[in-house]
Amino acid sequence: MSNLVAIRDAGVFVDGNDSLNSPAKQKAANRGAYGNCSTISLRRAIHILGAAKTKLFLGFCALSVVVFVTSRLSSWMGWNPHDPSSVSSPSRGGYTVLMNTWKQNSFLKEAVAHYASCLGTDAINVVWSESQPPSEHLKTHLKKIVVSKSRRPDVPNFRFDVNGDDNFSRFMPIDGLQTDAIFSVDDDVIVPCSTLDFAFAVWQSAPFTMVGFVPRMHWLDKEQNNVAYYRYGGWWSVWRMGAYSMVLSKAAFIHRKYLDLYDHMMPLPIRDYISRHRNCEDIGMSFLVANATGAPPIWVKGKIYEKGASSISNLKGHSDSRDRCLNNLIALYGTLPLVPTHFKAVSAKNEWLW
């Protein structure tokens, strides 16, 4: 007799080994196994989706913070990137190099050759600050240099402005000026073209601000009889304090309108003082721009080469004369318009870390 007994009603088969095999239970077991896998997969998908949403949310928050800080930074520094006046003259783009020279023809020739090779240079104006005019040979030689060194399809305009032995004449208005941007520079200062182009881009975002490479600082030293006395600080003061309130006109961008303001609106006592002392026209320009904008200048961090750096700034008594200049200009102005700041413009191309 067979050991296998079929119990059809229950749908259960019993063999000789007492094991139970039910098709319904096998299907249920199979569904349970697949169900567990589906549940695990669903939980994993939900977890991954939740993490992605969290990262997306944090990224959006970070982007919002960056946008907010950037917009506030523009207003803090007087920048107006959407101002149409921030673009230089549409007829000829670029900037005019306004170069001050005084008894340094070798430096002058090198500087003219260098700035003529920069693509952004639309014109070069040499301010001749000597009592004797430049020789015709020098003029002809410099014009040939400009033509040979220029990389522009249209060669930069070149001219001399002979203003005599007067430091105030450095910022006289220029006839026939074609650009809004003026790059004021000494004949012994060389700024690489790429660095100059970056500074020009910064200036375009803040066209009425003074944008330059040589920062300086002032601070209150003492006050006696209700009269404040201020100190003028050089590079080491800027480095130590982490702040600056001026950028020197020996390497700085300014808007063309400040040439007119400097010549026509500067109070006569200040004009006379600068002409007599030959050492304060750069501080005077910083006062003028700060008074017009109520904003700090912008220091552009970049490598520049000062070939004559061992001259006037290291002369005995130079620091004291700058202190006197600062305080006398404050007295003549009737106020202190300079605005300190901690910000600086840095090109990300030249930095290891942002």
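Which residue of β13 is the bridge partner of Gly 212?

1. The bridge partner is Ala 252. It belongs to a pairing of strand β9 (residues 211-212) with strand β13 (residues 251-255), which run in the antiparallel sense and share two bridges; two strands are taken to pair if DSSP finds at least two bridges between them.

2. On provenance, this is a predicted model, in which local features need pLDDT of at least 70 and side-chain atom pairs count only at pLDDT 80 or more, whereas totals for chains, interfaces and linings use all residues. Residues are numbered from 1 along each chain as its sequence is written, and side-chain values use heavy atoms, with hydrogens and water left out.

3. As to overall content, the secondary structure of the protein comes to nine helices and 16 strands, where helices (H or I, at least four residues) and strands (E, at least two) are DSSP runs numbered from the N terminus. Of the 354 residues in the protein, 42% are buried; buried means under 20% relative accessible area, exposed over 50% and partly exposed in between, with a 1.4 Å probe and protein chains only. Among the contacts in the protein with a separation of 6 or more, 79% come from residues 24 or more positions apart, a contact being heavy atoms within 4.5 Å.

4. Strands β9 and β13 belong to an open sheet of eight strands, whose order is β6-β5-β4-β7-β13-β9-β14-β16 and whose pairing is mixed. Its edge strands are β6 (157-162) and β16 (344-345), each of which pairs on one side only. In general, strands of a sheet pair through backbone hydrogen bonds, either parallel or antiparallel.

5. Helices pack on this sheet. Helix α3 (residues 136-149) lies across β5 and β6 and runs at about 150° to β6; axes are lines fitted to C-alpha atoms, for helices over the stretch in contact, and angles run from 0 to 180 degrees between N-to-C directions. Helix α4 touches β4 (95-101), β7 (181-186), β9, β13, β14 (298-300) and β16, and its direction makes about 30° with that of β13. Within helix α3 lies His 141, which is partly exposed, with a relative accessible area of 32%. His 141 and Lys 109 are 32 residues apart in sequence and 8.6 Å apart in space, taken C-alpha to C-alpha.

6. An open sheet of three strands has antiparallel pairing and the order β11-β10-β12. Strands β11 (227-233) and β12 (246-247) stand at the edges with a single partner strand each, so one side of each is left without a neighbour in the sheet. Strand β10 (residues 215-224) pairs with β12 in the antiparallel sense over two bridges, and Arg 216 stands opposite Met 246 in β12. Helix α9 (residues 318-333) lies across β10 and β11, running at about 135° to β11.

7. The disulfides deserve a separate look: a disulfide is a pair of cysteine sulfur atoms within 2.5 Å, and by this rule the count comes to two. One joins Cys 118 to Cys 193, with an S to S distance of 2.1 Å, and with -80° about the S-S bond this link is left-handed. Cys 118 lies in the loop between α2 (105-116) and β5 (121-128) and Cys 193 in helix α4 (residues 193-205), so the pair ties together parts that are 75 residues apart in sequence. Cys 118 is buried at 1% relative accessibility, and Cys 193 is buried with a relative accessible area of 16%.

8. A disulfide also joins Cys 280 to Cys 325, S to S 2.0 Å. This pair links distant parts of the chain, with Cys 280 in the loop between α7 (268-277) and α8 (281-293) and Cys 325 in helix α9, 45 residues apart. Cys 280 counts as buried at 2% relative accessibility, and Cys 325 counts as buried at 0%. When the bonded cysteines of the protein are numbered in sequence order, the pairing is 1-2, 3-4.
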